[in-house]
2 protein chains.
Amino acid sequence: MDFTDLVKARQSVRAYDPDRPVPRELIAECLEAARLAPSACNSQPWRFVVVDEPSLLERVKREVVGGLVPNRWAAQAPVIVVLAAVKELGTASLGEGIKDIPYHLMDCGSAGEHFILRATELGLGTCWIGWFRIRALRRLLGLPRRWKPLALITLGYTPADWQPRQRLRRPLDETAFLNTPRTPWPSGRD
Amino acid sequence: MDFTDLVKARQSVRAYDPDRPVPRELIAECLEAARLAPSACNSQPWRFVVVDEPSLLERVKREVVGGLVPNRWAAQAPVIVVLAAVKELGTASLGEGIKDIPYHLMDCGSAGEHFILRATELGLGTCWIGWFRIRALRRLLGLPRRWKPLALITLGYTPADWQPRQRLRRPLDETAFLNTPRTPWPSGRD
């Protein structure tokens, strides 16, 4: 499948088959795709912690995402991946200070998306989770102080009866422009 | 090519054939891939402005990236794309305020990377540029005040004699971990 098809196949999957584990070789493939992501001054500010050990995973579900109503579905996920950013001293960090653009967050977005797209290609479902208890996560996993947890990514196979939903996006001419922000991109509406 | 091959094919291309224009149909393909990126609460906070009109492009090169030594190569690019973030009021923005994680920057990183990966697949070279004159860009293009320019992306065909460079990345066991940050991902070194 070409990249556009892959992008269309990616969905926020909120239903998992809890009895079908994800082989670590496949998780390694996703991590490898993330590893190759670009970053400002090649700083590679992302850190991934893959949680698949059953008792720890249960605690993450209960203490870090549990009780948050929008995330109840996450209880079925056989793997939860923590994405954190680490900001080190260096050229990229210097640039951030001068220009007030936190490149490391954009870079972590790229790397997380690489992980997710490779998972999609391997037939795995994923979902970005932004609502979770940061302090509980820090404590439970013993994250280094200079790591900033940004997101969780659920990972697993979808149940046999899972159906993709319709994708809702703004038409291109609302977010893309030609030469000036006053000229919407000249495309037909989808 | 599968996603890992695509990710490996992507490089920061800093040499362009200035005489080979990029058809707008191909730029539209890249924008479409970006449009389908995921975002917190589907907020789609990215805005792309494609600059390919020759006199405006020259001004962007001279006034926005010109004179910055690391970007001299950008003078050859036949297209420069501005990526900006717009932060609107909504659930995603509320979440950011509560959790102090600027999701919209991660989302823009994802969308920009979608753009770049589709361009790579179409045989086009790209490079993320983080060093540029934000105020000069705002003024020249008349960007709305609530848009925050994050990056420029150069776009074009590489010269016939262009050679890819070696890719330098940390090995996986320095950025990925299993269940705890004290257990490096058990992979062979590449």
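The model is predicted: local features need pLDDT of at least 70 and side-chain atom pairs count only at pLDDT 80 or more, while totals for chains, interfaces and linings use all residues. Residues are numbered from 1 along each chain as its sequence is written, chains are lettered from A and ligands numbered from 1 in the order in which they are written, and side-chain values use heavy atoms, with hydrogens and water left out.

**Chain A overall**

- Chain A has seven helices and five strands; helices (H or I, at least four residues) and strands (E, at least two) are DSSP runs, numbered from the N terminus.
- Read from the N terminus, the order of elements in chain A is α-α-β-α-β-α-α-β-α-β-α-β.
- Along the principal axes, the C-alpha atoms of chain A fill a box of roughly 55 × 45 × 30 Å.
- Of the 190 residues in chain A, 57% are buried (under 20% relative accessible area, with exposed over 50% and partly exposed in between, for a 1.4 Å probe and protein chains only).
- Among contacts in chain A (heavy atoms within 4.5 Å) between residues at least 6 apart in sequence, 75% join residues at least 24 apart.

**The six-stranded sheet**

- An open sheet with mixed pairing runs in the order β3(A)-β4(A)-β2(A)-β1(A)-β5(B)-β6(B); two strands pair if DSSP finds at least two bridges between them.
- Its edge strands, each pairing on one side only, are β3 (125-129) of chain A and β6 (180-184) of chain B.
- Neighbouring strands of this sheet are turned by 35 degrees against each other on average, direction ignored; axes are lines fitted to C-alpha atoms, for helices over the stretch in contact, and angles run from 0 to 180 degrees between N-to-C directions.
- The chains join where β1 (residues 46-51) of chain A pairs with β5 (residues 176-178) of chain B in the parallel sense over three bridges, and A:Val49 has B:Phe177 as its bridge partner in β5(B).
- Helix α5 (residues 103-121) of chain B packs on the sheet, where it touches β2 (79-86), β3 and β4 (147-156) of chain A, and its direction makes about 55 degrees with that of β4(A).
- β5(B) and β6(B) pair in the antiparallel sense over two bridges, with B:Pro184 in β6(B) as the bridge partner of B:Phe177.
- The hairpin of β5(B) and β6(B) has one residue between the strands, and B:Asn179 there takes a positive phi near 70 degrees.

**Strand β1 of chain B**

- Six of the six residues of β1 (residues 46-51) of chain B are buried, so this strand is largely enclosed by the rest of the structure.
- B:Trp46, B:Phe48 and B:Val50 point one way from β1(B), whereas B:Arg47, B:Val49 and B:Val51 point the other way.
- β1(B) pairs with β5 (residues 176-178) of chain A in the parallel sense over three bridges, and with β2 (residues 79-86) of chain B in the antiparallel sense over six bridges.
- B:Val50 stands opposite A:Leu178 and has B:Val81 as its bridge partner in β2(B).

**Helices α3 and α6 of chain B**

- α3 (residues 54-65) and α6 (residues 134-141) of chain B pack at an angle of about 155 degrees, with their axes 9 Å apart.
- The two helices α3(B) and α6(B) are therefore roughly antiparallel to each other (angles under 35 degrees count as roughly parallel, over 145 as roughly antiparallel, 65 to 115 as roughly perpendicular and the rest as oblique).
- In their contact, residues of α3(B) including B:Leu56 and B:Val60 meet residues of α6(B) including B:Leu137 and B:Leu140.
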